[in-house]
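I opened my notebook to look up a few features of this structure. I began with charged pairs and then moved on to a helix.

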Amino acid sequence: MKLKAAGFNIDGIVFSSCSDAMSRSEVMALAAFRAKQDYGVYFDRRIYFGDGVWDKQATQSLNYEFVAVGDKVEHEVRVNHFINPQAILGKLGIEEAERQYA
């Protein structure tokens with residue numbers, strides 16, 4: 001619901017939510033597991049966008065990259081909003097995905 005409200009097309013995207021597991025890190029790990037199990041996809045990078053300290057802690061426990069959204073949590077990689085996905089992807093050094101938005 002949140003992704004759709006933010007303007008993301010989630011058709012065909014594997015994900016999990018708080019309805020699937022108790023802790024945030026379990027939810028995140030489950031999404032990666034589902035991607036591998038359902039589609040045979042394994043990611044070299046896992047990047048999590050979050051706005052709370054608990055988000056940052058969960059990414060650290062799983063060794064995921066973290067992007068702070070807004071100004072509620074201190075982190076060196078930060079975005080204020082998702083208005084310009086091309087700029088965000090460029091900031092993360094994701095060249096191939098960046099071309100999709102060009």
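**Entry 1: charged pairs.** I looked up Arg24 and found its side chain in a salt bridge with that of Asp55, at 2.9 Å from N to O. Arg24 lies in helix α2 and Asp55 in helix α3, so the pair ties together parts 31 residues apart in sequence. I noted the rule: a salt bridge is a side-chain nitrogen of Lys or Arg within 4 Å of a carboxyl oxygen of Asp or Glu. Helices (H or I, at least four residues) and strands (E, at least two) are DSSP runs, numbered from the N terminus.

This is a predicted model: local features need pLDDT of at least 70, side-chain atom pairs count only at pLDDT 80 or more, and totals for chains, interfaces and linings use all residues. Residues are numbered from 1 along each chain as its sequence is written, and side-chain values use heavy atoms, with hydrogens and water left out.

I checked how covered the two partners are. Buried means under 20% relative accessible area, exposed over 50%, and partly exposed in between (1.4 Å probe, protein chains only). Asp55 counts as buried at 3%. Arg24 counts as partly exposed at 36%.

How many salt bridges are there by this rule? I got three. Arg45 pairs with Glu65, the closest N and O atoms being 2.6 Å apart. Arg45 lies in the loop between α2 and β1 and Glu65 in strand β2 (residues 65–69), so this pair ties together parts 20 residues apart in sequence. Arg34 and Asp20 also meet in a salt bridge, at 3.3 Å from N to O. Arg34 is in helix α2, while Asp20 is in the loop between α1 and α2, 14 residues away.

**Entry 2: helix α2.** I followed α2 from residue 24 to 39. Its 16 residues reach 23 Å from first C-alpha to last, close to the 22 Å expected at 1.5 Å a residue. The expected span is 1.5 Å times one less than the number of residues.

Which residues of α2 are buried? I listed Val27, Met28, Ala31, Ala32 and Ala35. Seen down the axis of α2, they fall within an arc of 135 degrees, so they line one face of the helix. The arc is that of the directions from the helix axis to the C-beta atoms. On the other side, Lys36 and Gln37 are exposed.

I then asked what the buried residues of α2 pack against. They pack against β1 (47–50) and α3 (53–62), where contact means heavy atoms within 4.5 Å.
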